[in-house]
Amino acid sequence: MTAPTPLLDFFKRGEVARDVRLLAAAGAIAPRAHEQLSILILLLDDSDRDVRATAQETLDKIPVESLTMFLARSDVPIGVREFFADRGVFPAEMPSLSAEEPLLDVEANEAPPPDEEPADQSRESLIQQLANMSFTERLKAAMKGSREMRGILIRDPNKMISAAVLSSPKLNEAEIESFSKMTNVSDEVLRIIGTNRAWTKNYSVIYGLTKNPKTPLAISLNLMARLNDRDVSTLATDRNVPEPLRAAARRKVALGNR
């Protein structure tokens, strides 16, 4: 699976409340086809009988043609293919071209979060709008709302909301660069970004995380090794970063000067 899946990771760690697991089991919470199938398969073994039954019902509702075309994609994990092969469902000859939408959208008849806010809507009014939303509405806005919504919700105190932002198919590299520099996001957000190989191919993300005092120290120390000499020198005198990181940068500068 090539796309980041922080939301799926929450389910794997068992950190999701029963009401949210039920929504996911019904197919209502998933930004992409990958996450939807993986979450549903995971919930078949849930400790709650209602969650297990709902997940099974949702899997049975997925159109077979859509499912077989999805299974033909090269980025589908072997475990997912084996799961459906055991049920007599095999990849089609032609793969689906996109997996950016869930295979079953139970909210298709509802109005989705707006892609763009009205031109005259202030940031303050948008913040108030999001504050008045329920948890489920904020979760949906994090996955399918606008860039401005994601910029606000990445700082949501509920870690599952910020994880949903990072799982959004609409998220772009410029947003990740911006998030990496934020000091008002949780360290979990920075940890997720810093441990994602795709995102840390971007030098601006590496530099932003290393300079960010909120980034977990182990990640900052690891990423520092990839900074150029000029940026390491800057880091060595930056009093905003933790002293162990600054000291490591000084040692690297000293070794480079030998």
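Colleague: What should I know before I start?

Modeller: The model is predicted, so local features need pLDDT of at least 70 and side-chain atom pairs count only at pLDDT 80 or more, while totals for chains, interfaces and linings use all residues. Residues are numbered from 1 along each chain as its sequence is written, and side-chain values use heavy atoms, with hydrogens and water left out.

Colleague: How many helices and strands are there in the protein chain?

Modeller: The protein chain has 16 helices and zero strands; these are DSSP runs numbered from the N terminus (helices H or I, at least four residues; strands E, at least two). Of its 258 residues, 48% count as buried (under 20% relative accessible area, with exposed over 50% and partly exposed in between, using a 1.4 Å probe and protein chains only).

Colleague: Which residues of helix 11 are buried?

Modeller: Here's the general idea: an α-helix has 3.6 residues a turn, so residues three or four places apart point the same way. In helix 11 (residues 173-181), the buried ones are E175, I176, F179 and S180. Down the helix 11 axis they fall within an arc of 140 degrees, so they line one face of the helix (the arc is that of the directions from the helix axis to the C-beta atoms).

Colleague: And what do the buried residues of helix 11 pack against?

Modeller: They pack against helix 9 (147-153), helix 10 (159-167), helix 12 (187-194) and helix 13.

Colleague: How do I describe a packed pair?

Modeller: Two packed helices are described by the angle between their axes and the distance between the axes. Axes are lines fitted to C-alpha atoms, for helices over the stretch in contact, and angles run from 0 to 180 degrees between N-to-C directions. Helix 11 and helix 13 pack at about 15 degrees, with axes 7 Å apart. That makes helix 11 roughly parallel to helix 13 (under 35 degrees; over 145 is roughly antiparallel, 65 to 115 roughly perpendicular, the rest oblique).

Colleague: Which residues meet between helix 11 and helix 13?

Modeller: I176, E177, S180 and K181 of helix 11 meet S204, V205, G208 and L209 of helix 13, where contact means heavy atoms within 4.5 Å.

Colleague: What about helix 13 and helix 15?

Modeller: The axes of helix 13 (residues 203-211) and helix 15 (residues 229-236) come within 11 Å and cross at roughly 15 degrees. That makes helix 13 roughly parallel to helix 15. On the helix 13 side, Y203, Y207, T210 and K211 meet D231, T234 and L235 in helix 15.
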